[in-house]
Amino acid sequence: MLVEQLSAGSQEVKAVAARELRLMAKTGKENRSFIAEGGAIPALYRLFWSTNPVAQENGLTAILNISIHDENKRKIMEENVYVLRYGLTTEARENAAATLFSLSAVHDFKKMIVDEHGAVAALADLLMQGSPWGKKDAVMALFILSTHPESWSQMLNMGAVSALAGALRDEIVAEEVAGALTLLMRHYILAQTIASEDTAITNLVGLMKRGTPKAKENAIAALQEMCRRGGLNVIQNVAKMPMFSGLIQTILL
């Protein structure tokens with residue numbers, strides 16, 4: 001009954017049904033399993049884009065409560081990543097990316113998303129080929145995932161690092177991209193890899209000169225991390241940029 005109300009009811013009814021599921025999922029393992037097996041997860045996902053803020057909040061919190069049950073965590077990730085990879089419309093794939101962004105704010109989900117087969121690669125693909133909103137959701141998900149200390153190898157192997165470096169040219173997401181790269185370049189291998197991308201340094205310098213105040217701040221932080229972790233060759237490459245001829249020492253302070 002509650003699942004039917006989530007699927008076909010008004011926004012107000014959906015908000016109430018989601019609240020009931022949210023409370024049920026909070027109180028016991030059996031309830032969490034029952035809700036998932038009853039098919040509520042896809043209906044709760046749809047509330048993430050509800051115009052009713054109460055329905056949206058209850059939907060997200062219900063999903064998070066359901067995910068406390070370990071078997072549900074995997075089901076939630078698998079269903080969401082499947083849509084991200086194989087969704088029949090761009091909107092469906094972008095909604096899946098937005099869901100991952102929401103879920104990645106919970107620490108326990110970060111490593112699970114990174115480890116879920118195809119998730120990082122699909123986010124990287126959306127960053128390169130999605131709509132402006134899709135790119136925003138993809139880069140924000142990758143940004144949050146970058147905060148997990150064990151994410152760097154998957155981010156590198158699944159093409160996310162290269163996609164992020166390339167997206168520095170895109171004004172829509174450049175600010176967030178520079179922030180994600182700063183986090184990733186705390187690992188020296190990634191600092192060297194990103195610096196070796198053909199236009200990464202040039203694009204960071206361009207963002208530093210022409211971006212928003214926050215974009216400039218992120219670009220400076222990225223260049224600073226690149227020089228600190230990347231080694232002498234990277235420092236020399238950054239120093240070759242005309243505007244850095246007298247500023248390289250400042251960056252390294």
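In which hand, left-handed or right-handed, is the crossing of helix 2 and helix 5? It is left-handed, where a crossing counts as left-handed if the near helix is turned anticlockwise from the far one by less than a right angle, and as right-handed if clockwise.

Before I continue, a word on the model. It is predicted, with local features requiring pLDDT of at least 70, side-chain atom pairs counted only at pLDDT 80 or more, and totals for chains, interfaces and linings using all residues. Residues are numbered from 1 along each chain as its sequence is written, and side-chain values use heavy atoms, with hydrogens and water left out.

I begin with helix packing. Helices here are DSSP runs of H or I with at least four residues, numbered from the N terminus. The axes of helix 2 (residues 11–26) and helix 5 (residues 53–66) cross at roughly 25° and come within 8 Å; axes are lines fitted to C-alpha atoms over the stretch in contact, and angles run from 0 to 180 degrees between N-to-C directions. The two helices are therefore roughly parallel to each other, the term for angles under 35 degrees. Contact means heavy atoms within 4.5 Å. On helix 2 the contact residues include Ala15, Ala18 and Arg22, and on helix 5 they include Val54, Asn58 and Ala62. By class, this contact has 8 nonpolar, 5 polar and 4 charged residues. Ala, Val, Leu, Ile, Met, Phe, Trp, Tyr, Cys and Pro count as nonpolar, Asp, Glu, Lys and Arg as charged, and the others, Gly among them, as polar.

The next pair is helix 14 (residues 188–196) and helix 16 (residues 213–230), whose axes come within 8 Å and cross at roughly 115°. This crossing is also left-handed. Tyr188, Ala191, Gln192, Ile194 and Ala195 of helix 14 meet Met226, Arg229 and Gly230 of helix 16. These residues divide into 5 nonpolar, 2 polar and 1 charged.

I turn now to the pockets. On a 1 Å grid over the protein atoms alone, a pocket is an open set of points with protein on both sides within 12 Å along at least five of seven lines, and lining residues have an atom within 4 Å of a point. The largest pocket has a volume of about 320 Å³, volume being the space filled by probe spheres, of 1.4 Å, set on the points. Of its 17 lining residues, Leu168, Glu171, Ala174, Leu207 and Gly211 lie nearest the centre. Helix 15 gives the largest share of this lining, 5 residues.

The second largest pocket holds about 160 Å³. Its largest share of lining, 4 residues, comes from helix 9.

Methods
Angles under 35 degrees count as roughly parallel, over 145 as roughly antiparallel, 65 to 115 as roughly perpendicular and the rest as oblique.
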